[in-house]
Amino acid sequence: MSLTTQVFGVPQPGWYRVYYIVNNIQELVTALTQDHPVVLMFWADWNEPSKVMVQPYRDMAEAKKNEAVFCRLDFDKFKDVVEKFRVKALPTFVLIKEGEEQHRVVGTKVEELNTTIKNNI
């Protein structure tokens, strides 16, 4: 997988690179076409609830580093993707498994997001 921005260090053998800030559509396509669950975070730097959720999202990514890839997408930069995923509020988290949306959490619901990820990855 060749996403350009990696927050955590190089993973151990068998681990996924767990947290990416997606910079272009090809990086997103690369993440979504791999054989593993993907958790997308749609956010914006002007949105306070998004800022609040950045650290809990990173923590969840670290906790699930052997099981999924977590990608953060800028709401303003990826309008087509925002439309495709019907994102209406920020932050929005979308869990994708086997190429299909499985679950969605909207807002600063840390416990709901954590439970959704634990139960579905």
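1. V39 stands opposite F70 in β3. Strand β2 (residues 38–43) and β3 pair in the parallel sense over six bridges. Strands pair if DSSP finds at least two bridges between them; helices (H or I, at least four residues) and strands (E, at least two) are DSSP runs, numbered from the N terminus.

2. This is a predicted model, in which local features need pLDDT of at least 70 and side-chain atom pairs count only at pLDDT 80 or more, while totals for chains, interfaces and linings use all residues. Residues are numbered from 1 along each chain as its sequence is written, and side-chain values use heavy atoms, leaving out hydrogens and water.

3. Strand β1 (residues 19–21) also pairs with β3 in the parallel sense, over three bridges. I21 stands opposite R72 in β3.

4. T92 lies in strand β4 (residues 92–97). T92 counts as buried because its relative accessibility is 1%. Leaving aside residues up to four places away in sequence, T92 touches L40, M41, F42, V87, R104, V105 and V106; contact means heavy atoms within 4.5 Å.

5. Mean pLDDT, the predictor's confidence in each residue from 0 to 100, is 85 for the protein, and 85% of its residues reach 70 or more. Over residues 1–15 pLDDT stays under 50, and the model has 36 contacts beyond four places in sequence for them. Where pLDDT is low, the predicted coordinates should not be read in detail.

Key: Buried means under 20% relative accessible area, exposed over 50%, partly exposed in between (1.4 Å probe, protein chains only).
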